[in-house]
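Biologist: I have a structure open and would like to learn how to read it. Could you walk me through its overall form and then its aromatic rings?

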Amino acid sequence: MKPDLIKTILIIVAAIALGWTLDMAAEFGLIAAIICNIWLLFRAKRLHNWFTNVKELPHAEQGVFYLLHRDIKAMREKHHAKKRELQHNLKRVREASAALPDAIVITDDNGEITWSNRLAAELLNIRQPRDNGHRVNNLLRHPSFTEAYAKHDDVPVNIDIEAPFNRNISLNLKVIDLAENMQMLVARDITRHVDVTRAQKDFVSNVSHELKTPLTVMRGYLEMIEDGQQCDPSIHKPIKDMLLQTKRMQSTIDDLLYLAKLESKQQNRGSDDIDVEFSQININHILEMIMDSALMLAEQNEQTITMEINNQMSINGNESELQIAFSNLLTNAIRYTPKGGEIHIKWHHRDKTAVFSVTDSGIGIAPKHISRLTERFYRVDQGRSRAKGGTGLGLAIVKHVLERHKAELNISSSLGNGSCFECIFPLEL
Ligand code: ADP
């Protein structure tokens with residue numbers, strides 16, 4: 001800075017001195033100042049050109065411009081090194097993503113594709129660079145994905161679908177937020193897993209079918225023997241036990257077959273289809289169908305059942321499925337509530353939902369069990385469930401029925417104080 005200032009002052013002083021001899025000191029001084037200023041502007045412009053990469057680095061000299069050149073050059077070199085490092089890292093990330101066994105599609109916050117890996121072309125038919133800039137939900141046309149993607153700000157996308165371009169491939173799709181304006185769609189090929197699960201389910205369903213007829217025959221004969229007067233009294237008890245076990249096996253098989261039926265209905269239903277078995281349901285009709293036997297059981301257990309029903313509210317649903325689901329919840333409440341307990345049934349409006357709830361003052365459930373209750377054959381207490389005639393499949397059926405109605409099951413319970421099972425139906429169906 002100093003040399004520049006001294007140089008400028010010297011030039012102006014020299015010009016004034018020269019002007020003095022000609023009696024034009026002020027004019028010469030002014031002209032010298034203007035020339036110095038223009039020279040300064042010219043050097044600033046050269047610096048700008050260099051900075052914007054038009055020109056090479058101007059002649060290095062001393063003074064403020066020398067310092068500016070030096071510092072900017074150092075900054076630029078640092079910036080280039082950082083850029084090279086970033087490019088190198090990005091290349092490695094892309095190489096790693098390309099080698100991943102999943103399809104990856106990166107989008108901005110408008111859902112427009114900015115990058116995709118090799119497997120995305122194979123599994124999703126999304127190609128680089130052809131599809132960059134296109135919206136992912138325009139290219140990936142599947143009703144379930146479209147629906148889930150529209151809500152992905154509130155509910156993370158995690159769905160299983162058939163690949164839109166090859167129905168033999170099953171995919172799991174997840175959308176993960178990477179940064180504020182960057183998302184990653186991950187598609188995993190789960191065909192093998194789906195095939196194995198389907199084979200297992202088919203096996204259980206086939207075995208259940210095969211056992212149904214022999215069990216009916218066995219039960220028929222056992223009932224005949226039990227009713228017959230001529231049988232030896234010593235075998236009365238074994239016959240009774242055999243009959244009880246046969247009835248239990250029949251209930252389990254009936255529940256397994258019902259679950260298989262629900263699953264196959266769900267599989268064959270696209271999310272846009274309107275199920276032909278769905279209609280406007282009448283809650284009073286459903287309650288009429290289930291209350292007779294429930295009241296009888298409750299009476300035996302000296303329990304009281306109360307009801308609070310909003311008759312104005314109805315939903316679109318499958319009446320026989322809802323009847324079974326609600327009946328399972330009510331039977332459980334009776335089963336797991338001791339003598340003298342209370343059970344309350346409620347059908348009411350909450351926010352944009354219709355809620356069917358069964359609350360009991362029963363034995364309650366410890367928190368660690370709650371998330372697993374809808375698994376097949378999951379019981380908190382095996383002995384108690386069996387003794388009460390449970391199959392361990394009741395809540396799995398409830399869950400499947402509710403899934404078909406796009407409804408949710410909410411369980412709240414406190415050990416020793418009772419439980420509340422809520423079926424929450426969206427009212428916009
Ligand atoms: P189960 O036929 O054994 O009742 P479910 O699938 O209907 O089978 O229920 C699973 C388990 O959840 C039951 O075995 C029981 O331990 C628990 N459970 C269900 N409902 C209740 C309830 N109202 N109170 C306490 N425990 C319950």
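Modeller: Happy to! Let's begin with the surface: the chain has an accessible surface of about 26700 Å², and carbon and sulfur atoms make up 57% of that area. Keep in mind that this is a predicted model.

Biologist: What radius of gyration does the chain have, and what would a compact globule of 429 residues have?

Modeller: The chain has 39 Å, whereas a compact globule of 429 residues would be near 22 Å. Along the principal axes, the C-alpha atoms fill a box of roughly 150 × 45 × 40 Å. Within the chain there are 13 helices and 12 strands, and 36% of the 429 residues count as buried.

Biologist: And how many positive and negative side chains are there?

Modeller: There are 52 positive and 54 negative ones, with the centres of the two sets 8 Å apart.

Biologist: Now the rings, please. How is a pair of aromatic rings described?

Modeller: By two quantities, the distance of the centres and the angle of the planes. Searching the whole structure gives five aromatic pairs. Take Trp 347 and Phe 425: their ring centres are 6.2 Å apart and their planes meet at 70°, so this pair is edge-to-face.

Biologist: Which strands hold the two residues?

Modeller: Trp 347 sits in strand β9 (residues 342–350) and Phe 425 in strand β12 (residues 418–426), so to speak a link between distant parts of the chain, 78 residues apart.

Biologist: Are Trp 347 and Phe 425 buried or exposed?

Modeller: Both are buried. They also belong to a cluster, in which ring pairs link Phe 326, Trp 347, Phe 356 and Phe 425.

Note on methods:
Residues are numbered from 1 along each chain as its sequence is written. This is a predicted model: local features need pLDDT of at least 70, side-chain atom pairs count only at pLDDT 80 or more; totals for chains, interfaces and linings use all residues. Side-chain values use heavy atoms; hydrogens and water are left out. Helices (H or I, at least four residues) and strands (E, at least two) are DSSP runs, numbered from the N terminus. The radius of gyration is taken over C-alpha atoms; the globule rule is 2.2 Å times the number of residues to the power 0.38. Buried means under 20% relative accessible area, exposed over 50%, partly exposed in between (1.4 Å probe, protein chains only). Accessible areas come from the Shrake-Rupley method with a 1.4 Å probe; for residues, only the protein chains shown count as cover. Lys and Arg count as positive and Asp and Glu as negative; His and the chain ends are not counted. The place of a charge is taken as NZ of Lys, CZ of Arg, CG of Asp or CD of Glu. Rings of Phe, Tyr and Trp (its six-membered ring) pair if their centres lie within 6.5 Å; planes under 30 degrees apart count as stacked, over 60 as edge-to-face and the rest as tilted.
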